[in-house]
Amino acid sequence: MKLLTNLIFDSPAVSIFLAVVSLFLLYTFTKKNYSRNNTHLPPHPPKLPFVGNLLQIGSLPHQSLNFLSLKYGPLMLVYLGETPYLIVSSSDMAEAAMRTYDLTFATRPPSVASEILLAGDMAFGPYGNIWRQMRKISTTHLLSSKNILTYKTMKEEEIRYMMQEVKNQACLSNGVAIDMSKILYSFANNIICRNVSGKFFRDEGKSDLFRELIEENVAILGAFSFSDLFPSLACLEGILGPNGKSKKHKIRWDKLLDEVIELHIQRRECGDDGDIHENFVDVLLSLQKDPEMCSHLSMENVKGLLMDMFAAGTDTTYIALEWAMAELLKNPNIMTKLQYEVRRIVRQNKIVTSKEVTEMPYLQAVIKETLRLHPPSPLLLPRQSMEECNINGYIIPKGIRVLVNFWAIGREIKSWETPYEFKPERFIGSEVDYKGTDFQFIPFGAGRRICPGMNFASSTVELALANLIYQFDWELPCGMTVDDFDMKEAPGFNTRKKEALRLIPKYRTSIHG
Ligand code: HEM
């Protein structure tokens, strides 16, 4: 044997022959492998080594991705750093991903920031038993239609607070425009604080701290973390900082939530459980005592769920309200039509009630149109494939991260006539709804990860908007015309308005007596 190897390697002719054969085999093998792995992948824009397509993504990622998809198609790969993302930009492709392959795409990709910050939560957690259990708790005990009816009174109370705030600021400002963005943000924050903590949340005096922490959450979770984009350099994250920032932030959240939970435990021990069914903390503490439930609901899960409600519920509600008001000011005819509907139905009261809102189809159409043009989560929340699948002839590899660009889908010419126009009438007499079955309109997502706060959010936005336009007439700041009114989005992964919404509210004396 030794002789044979010596013969082969000692002979120049044989060596050359072997080298040529090896090179040929290597070439065909790599070529075959390369094409097997790549020919059926969705197309992608040309990319640079290491940074991939990052330089083609501007400060409004959903808009940059929409622009790229017009060239590369509704199913394309984009390399954000080293990491490939599947970008879904049409209703058909969204339906394939979120209905046909609902289970395949039911998980969220791991992310260092969310793993630190939202350990034990549901919204960013992987698909599996823990997620299923928490999802059941949210949909059955926190956000079901029955629960939402229970929250009706507290919502109406929070509306009264907001109206009073508008009134106070209008008095103080002496006819100068007031910062409505601030007021709407406080309202959205207070609604969630109230639901989480109950009627005592104002006495507890934590809402400002919650607001500060939520703002920081948006900054941390709303950006790609370094190690998500460059997994090969993940070890640098500790040195570069974001990791440490998430850890410090998590400590502040833990301290705040521990204090709130402790206050509730003490209050329950003193027998003061007046609104026990009306706040998430008490509901979750009761469930923990339930023998069937306790093994599934650790304190970490309770805190994770509470953080989810803040993180997922505050900004989104505020953004929807802010854009609805902005579009109404930009389109005075639509404002007049909506005011007419609201004021026709509500004649006597000082406040529009949740019941009256259900009789206002144009109001609902205005909100739908707002969510179409200004979806608060334009790329929904990221998903990840749990196995390889085939969509539209393309191989979608296992483990790929997925972003569904609803900002693009809401402007698809094949589904929406004059898609860039704000036209609530398109929803009048139309069956199209955001419940997750009409894939041209999925501002709350679809499939098993659809937003569980959808009904809670829509009833809050409807009630708030109806009251704002029922109780006040609105004007732009002095000297500003509709054409000057800024409608740009702020940079980032949500669609906050760039400029604060500054408006002049005018009381309707007829209802204020
Ligand atoms: C206008 C307001 C809102 C919008 C537009 C919105 C939108 C969304 C979207 C797009 C998703 C991802 C769905 C998917 O992956 O298919 C989501 C998930 C979620 N939302 Fe909302 N949301 C809103 C309000 C709320 C509220 C008020 C709450 C709670 C109080 C809430 C709680 C959640 C939770 C917990 C998840 C994660 C669900 C899961 O992963 O299983 N959302 N939301």
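What follows is a chat about how the terms used for this predicted model are backed up.

Me: Before we start, what sort of model is this, and how are residues counted?
Reply: It's a predicted model, where local features need pLDDT of at least 70 and side-chain atom pairs count only at pLDDT 80 or more, while totals for chains, interfaces and linings use all residues. Residues are numbered from 1 along each chain as its sequence is written, and side-chain values use heavy atoms, with hydrogens and water left out.

Me: What makes Cys451 a donor to the iron atom of the ligand?
Reply: Donors are N, O and S atoms within 2.8 Å of the metal (3.2 Å for Na, K and Ca). The SG of Cys451 is 2.3 Å away from the iron, so it qualifies, and it's the single donor from the protein. Water is not among the atoms, so the site may look incomplete. As for location, Cys451 sits in the loop between helix H20 (406-409) and helix H21 (454-471); helices (H or I, at least four residues) and strands (E, at least two) are DSSP runs, numbered from the N terminus.

Me: Which helix gives the largest share of the shell around the ligand?
Reply: That's H16, with four residues. The shell has 25 residues, where near means a heavy atom within 4 Å.

Me: Why is Thr317 called buried?
Reply: Buried means under 20% relative accessible area, exposed over 50%, partly exposed in between (1.4 Å probe, protein chains only). Thr317 has 8% relative accessibility, so buried it is. Thr317 belongs to helix H16. Setting aside neighbours within four places in sequence, Thr317 is in contact (heavy atoms within 4.5 Å) with Ala188, Ala457, Thr460 and Val461.

Me: What makes S1 and strand S2 (residues 83-88) a pair?
Reply: Two strands pair if DSSP finds at least two bridges between them. Six bridges join S1 to S2, so they pair, and they run antiparallel. Val78 stands opposite Tyr85 in S2.
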